[in-house]
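Here's a quick briefing to read with the model open in your viewer.

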Amino acid sequence: MSAPDDRDIEAARSLVARALERPLETIPCDGSLETIPAWDSLGHVRILLEIEAETGRMLDSDVIAAMRSVMDVARALVSGARV
Amino acid sequence: MTRPSKPIRAIELSTDRFVLRPIEPVSFARRTLHWTSDRQAFADLTWRTEGWTMWRWWRHLRKFARKNRICHGIWAKEKAALIGLHIIGYEPKSGNVNIGVLIADRSWWGKGVVAEVRGAILEDCFERLGVHRATGWVNARNFASIYNYQRLGFKREAALRDNSVLLDGARTDLLAFGLLRSEWLAKRGAVESQDENKA
């Protein structure tokens with residue numbers, strides 16, 4: 001699987017900001033569910049559903065279980081887009 | 001390794017917003033029979049409770065009041081309302097527990113109940129009861145529950161492929177999340193030292 005580039009990471013930040021209903025500038029590239037206060041359980045649900053909507057496919061359980069950061073979102077978008 | 005030598009005994013626990021009281025099955029069943037008609041709330045516990053009578057509900061709850069099991073009712077302090085239950089199944093030989101939770105009052109969904117309540121329960125398990133590890137099972141489409149395990153430091157340890165049947169009949173993986181006592185203590189220590197640094 002290719003590593004996410006800057007554009008993928010920006011797309012991930014944007015997706016997380018949209019799902020958490022927070023301004024883009026509050027979502028750092030290295031942010032995670034432990035460091036972004038708005039990333040709560042409902043926000044987490046919205047993030048995963050947004051990724052599925054974006055990629056048009058259901059996420060694999062390995063990806064779901066590992067999803068905890070903006071970089072994880074970026075990786076899921078990259079792998080989903082290339083399937 | 002610390003390991004409980006006696007049968008475990010449930011005690012009342014308290015958090016900022018909730019009180020956790022060991023249930024008495026008869027009165028608990030009476031108060032909560034209406035919960036059993038909510039399929040979605042019970043989906044993750046894989047209990048198919050629709051149409052249950054008081055008798056059937058009581059018989060089910062009674063299992064969780066037996067030796068080596070603890071069932072806490074979750075009471076919201078603010079409204080003195082019963083909103084859910086938390087279950088612990090203890091395995092004496094291994095010193096391990098399996099855990100499960102139900103938040104039946106949907107107005108509390110998404111408000112951090114599980115993280116707060118389970119934090120107190122894990123602290124009790126690891127500190128007072130000397131439990132070695134905790135395991136939780138969750139279907140892969142229950143994103144909120146997976147989030148709660150992640151926040152508390154659980155690690156995903158296994159996936160039983162296509163093991164769970166969802167309410168719509170679709171199949172999904174069943175995931176096992178585990179947390180060791182040493183990991184819990186390390187996480188708690190890290191949080192405490194962060195708090196000290198802030199102060």
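**Where the chains meet**

Chain A puts 20 residues into the contact, and chain B puts in 16. Keep in mind that this is a predicted model. About 1500 Å² is buried between chain A and chain B, with carbon and sulfur atoms giving 58% of that area. On the chain A side, the most area is lost to chain B by Ser41(A), Ser61(A) and Ala65(A), which together make up 31% of what that side buries.

**Interface details**

- Two salt bridges turn up across the interface of chain A and chain B.
- Arg141(B) pairs with Glu52(A) in a salt bridge, and their closest N and O atoms sit 2.6 Å apart.
- Counting pairs with both residues at pLDDT 80 or more, seven residue pairs are in polar contact across the interface of chain A and chain B.
- In chain A, helix 2 (41-55) and helix 3 (61-66) each supply at least two residues of the side that touches chain B.
- Helix 2 of chain A gives the most to that side, with seven residues.
- By residue type, the side of chain A that touches chain B splits into 12 nonpolar, three polar and five charged.

**Nonpolar cores**

- The largest nonpolar core has 62 residues, and those touching the most other members are Trp39(A), Ile47(A), Ile51(A), Val73(A), Ile74(B) and Phe154(B).
- Helix 4 (residues 113-128) of chain B brings the largest share of this core, eight residues.
- Another core lies apart from it, with 19 residues, among them Ile23(B), Trp75(B), Leu82(B) and Leu85(B).

**Buried spots worth a click**

- Which residues does Ala76(A) contact, leaving aside its neighbours within four places in sequence? They are Ile51(A), Thr55(A), Leu59(A), Val63(A) and Met67(A).
- Ala76(A) is part of helix 4 (residues 70-81) of chain A, and its relative accessibility is 5%, so it counts as buried, the cut-off being under 20%.
- For a sense of distance, Ala76(A) and Cys29(A) are 47 residues apart in sequence and 15 Å apart in space, C-alpha to C-alpha.
- Ser69(A) sits in the loop between helix 3 and helix 4 of chain A, and it is buried too, with a relative accessible area of 15%.
- Not counting residues up to four places away in sequence, Ser69(A) touches Gly31(A), Ser32(A) and Trp39(A).
- Is Arg118(B) buried or exposed? Arg118(B), which lies in helix 4 of chain B, has a relative accessible area of 1%, so it is buried.
- Around Arg118(B), again not counting residues up to four places away in sequence, you'll find His86(B), Ile99(B), Gly100(B), Val101(B), Asn148(B), Tyr149(B) and Leu152(B) in touch with it.

**Salt bridges**

- Over all chains, the structure holds 15 salt bridges.
- Arg68(A) and Glu34(A) meet through their side chains at 2.8 Å, N to O. The pair links distant parts of the chain, 34 residues apart: Arg68(A) is in the loop between helix 3 and helix 4 of chain A, and Glu34(A) is in the loop between helix 1 and helix 2 of chain A.
- Arg68(A) is partly exposed at 25% relative accessible area, and Glu34(A) is also partly exposed, at 43%.
- In chain B, the side chains of Glu127(B) and Arg188(B) form a salt bridge at 3.4 Å, N to O. Glu127(B) is in helix 4 and Arg188(B) in helix 6 (residues 181-198) of chain B, so the bridge ties together parts that are 61 residues apart in sequence.
- Arg133(B) bridges to Glu157(B), with the closest N and O atoms 2.7 Å apart. That pair joins strand 6 (residues 133-139) to strand 7 (residues 155-165) of chain B, 24 residues apart.
- Arg133(B) counts as buried at 17% relative accessibility, whereas Glu157(B) is partly exposed at 41%.
- Arg18(A), Glu50(A) and Glu54(A) are linked up in a salt-bridge network.

- Most residues other than glycine have a negative phi.
- Glu21(A) isn't a glycine, yet its phi is positive, about 55 degrees. Glu21(A) sits in the loop between helix 1 (6-20) and helix 2 of chain A and counts as exposed at 62% relative accessibility.
- Asn68(B) isn't a glycine either, and has a positive phi of about 70 degrees. Asn68(B) is in the loop between helix 3 (54-62) and strand 3 (69-76) of chain B, and counts as buried at 15% relative accessibility.

Conventions: Residues numbered from 1 in each chain as written. Chains lettered and ligands numbered in written order. Heavy atoms only, no water. Contact = heavy atoms within 4.5 Å. Buried area = accessible area lost by both parts, 1.4 Å probe. Salt bridge = Lys/Arg side-chain N within 4 Å of Asp/Glu carboxyl O. Polar contact = N/O pair within 3.5 Å; in protein donor to acceptor, adjacent residues only side chain to side chain. Helix = DSSP H or I, 4+ residues; strand = E, 2+ residues; numbered from the N terminus. Nonpolar A, V, L, I, M, F, W, Y, C, P; charged D, E, K, R; others polar. Buried < 20%, exposed > 50% of the residue type's maximum accessible area, 1.4 Å probe, protein only. Core = buried A, V, L, I, M, F, W, Y, C linked by side-chain atoms within 4.5 Å.
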